[in-house]
Amino acid sequence: MTHAQLRPPTMADVARLAGVSHQTVSRVLGNHPNVRDQTRARVLRVIEETGYRRNSSARALATRRTRTLGVVASDTTLYGPASTLFALEEAARAEGYLVSTVTLRKLTMETLSEALDHLSEGGVEGVVAIAPQRSAVAALAELRCPFPVVVVGSGPGVEIPSVSVDQHLGARLATGHLLAAGHRNVWHLAGPEDWQEAADRAAGWRATLEAAGVEAPMLLRGDWSPLSGYRAGQELAGWVGRGLTAVFVANDQMALGVLRALREAGVRTPQDVAVVGFDDIPESEFFAPPLTTVRQDFSTVGKRGIAMLLELIEGRPLATARRIAIEPQLVVRASTFPHAVQPEGVPL
């Protein structure tokens with residue numbers, strides 16, 4: 001008897017013999033509703049004939065005692081998603097749970113479905129999806145899952161239970177700070193169009209200007225990178241002397257690029273143009289000048305997200321609303337001060 005004949009049957013063997021995909025077998029094992037009765041019967045027959053058995057973690061799914069949670073994420077090279085992922089893993093460990101993470105290049109209906117099937121096969125009791133893009137949240141809403149799902153970073157208007165930082169409030173704090181400093185208007189460099197966080201920050205900026213009776217100037221858009229901030233900063237430098245004295249940038253990385261472009265153009269910060277960022281990345285206090293920014297409490301997001309998921313898994317009533325918004329904090333540094341007023345102790 002050959003080695004190949006001695007090995008136990010795998011899910012791939014079941015899929016091949018039943019004439020279906022690996023994903024379909026996973027759905028049958030997870031009792032997923034979106035499988036035709038005829039297909040389900042054929043897969044179960046092959047499982048019985050081959051003697052295929054799931055691994056221990058998958059079998060434990062039936063008892064809901066795997067003490068494993070799933071996390072689906074993308075864009076983890078960016079500060080926000082990476083910090084959120086770390087906070088979730090830390091909070092899960094504190095509750096005695098292991099975390100199985102699937103990192104995707106892009107959050108689409110297909111990739112999310114495959115990720116959830118993979119996590120289901122691994123026996124997770126529930127999943128947190130870090131889904132800052134509106135298209136990703138829409139895809140999640142269409143998928144039917146055999147376990148509870150909580151979304152992080154999704155913003156308002158989401159039917160799925162969610163936890164996020166109040167981006168709209170953060171933008172109002174940033175824009176209001178600049179207006180209170182004496183600036184007659186505030187420009188905005190926004191993030192990518194599909195990101196809910198970018199949309200909420202832009203909406204908060206615009207609402208603050210409208211409440212102050214100020215017409216919003218042209219909105220610029222970047223992709224979260226310092227390079228996109230640098231290119232936008234070159235454009236902004238051309239408006240200095242024509243009404244531009246303050247800029248609210250949608251994240252600190254783009255703000256770094258803006259600061260460099262302004263400096264190369266001979267524009268002083270904050271004497272000529274004040275700059276506020278968003279995120280409070282660890283490096284922001286070491287920018288030249290140190291950056292005024294909006295701090296997001298990722299640790300609280302992680303704790304509240306895991307707590308909400310465990311409540312859903314255990315069938316307990318949610319202790320709070322199905323959507324939790326965490327308040328951000330404005331951190332004032334040397335990149336802003338009252339316009340045309342030199343504060344004591346700050347050299348020109």
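# Reading strands, burial and helix packing

Author: Start with Ala 274, which is found in strand S9 (residues 274-276). Helices (H or I, at least four residues) and strands (E, at least two) are DSSP runs, numbered from the N terminus. This is a predicted model, in which local features need pLDDT of at least 70 and side-chain atom pairs count only at pLDDT 80 or more, while totals for chains, interfaces and linings use all residues. Residues are numbered from 1 along each chain as its sequence is written, and side-chain values use heavy atoms, with hydrogens and water left out.

Reader: Is Ala 274 buried or exposed?

Author: Buried means under 20% relative accessible area, exposed over 50%, and partly exposed in between (1.4 Å probe, protein chains only). Ala 274 has 0% relative accessibility, so it counts as buried.

Reader: Which residues is Ala 274 in contact with, leaving aside its neighbours within four places in sequence?

Author: Contact means heavy atoms within 4.5 Å. With those neighbours set aside, Ala 274 is in contact with Leu 178, His 183, Thr 245, Ala 246, Val 247, Ser 335 and Thr 336. Of these, Ser 335 lies 61 residues from Ala 274 in sequence, yet 5.7 Å from it in space, C-alpha to C-alpha.

Reader: What is the place of Gly 302, and what does it touch?

Author: Gly 302 sits in helix H13 (residues 298-313). Its relative accessibility is 0%, so Gly 302 counts as buried. Not counting residues up to four places away in sequence, Gly 302 touches Ala 87, Leu 88 and Ala 91. Ser 164 is 138 residues from Gly 302 in sequence, with 9.4 Å between their C-alpha atoms.

Reader: How many helices and strands does the protein chain have, and what share of its residues is buried?

Author: The protein chain has 13 helices and 12 strands. Of its 348 residues, 52% are buried. Among contacts with a separation of 6 or more, 72% come from residues 24 or more positions apart.

Reader: What should helix H11 span?

Author: The expected span of a helix is 1.5 Å times one less than its number of residues. Helix H11 (residues 226-237) has 12 residues, so it should span 16 Å, and its end C-alpha atoms are 16 Å apart, which agrees. The buried residues of H11 are Ser 228, Gly 229, Tyr 230, Ala 232, Gly 233, Leu 236 and Ala 237. Their cover includes strands S6 (187-190), S7 (219-221) and S8 (246-249), as well as helix H12 (252-264).

Reader: At what angle do H7 and H8 pack?

Author: Axes are lines fitted to C-alpha atoms, for helices over the stretch in contact, and angles run from 0 to 180 degrees between N-to-C directions. Helix H7 (residues 109-121) and helix H8 (residues 134-142) pack at about 55°, with axes 9 Å apart. H7 and H8 are therefore oblique; angles under 35 degrees count as roughly parallel, over 145 as roughly antiparallel, 65 to 115 as roughly perpendicular and the rest as oblique. In this contact Met 109, Leu 112 and Leu 116 of H7 meet Ala 136, Ala 139, Leu 140 and Glu 142 of H8. By class, these are six nonpolar, no polar and one charged; Ala, Val, Leu, Ile, Met, Phe, Trp, Tyr, Cys and Pro count as nonpolar, Asp, Glu, Lys and Arg as charged, and the others, Gly among them, as polar.

Reader: Which residues of H3 and H7 meet?

Author: The axes of helix H3 (residues 22-29) and H7 come within 9 Å and cross at roughly 50°. That makes H3 oblique to H7. His 22, Gln 23, Ser 26 and Arg 27 in H3 meet Ser 113, Glu 114, Asp 117 and Glu 121 in H7. This contact has no nonpolar, four polar and four charged residues.
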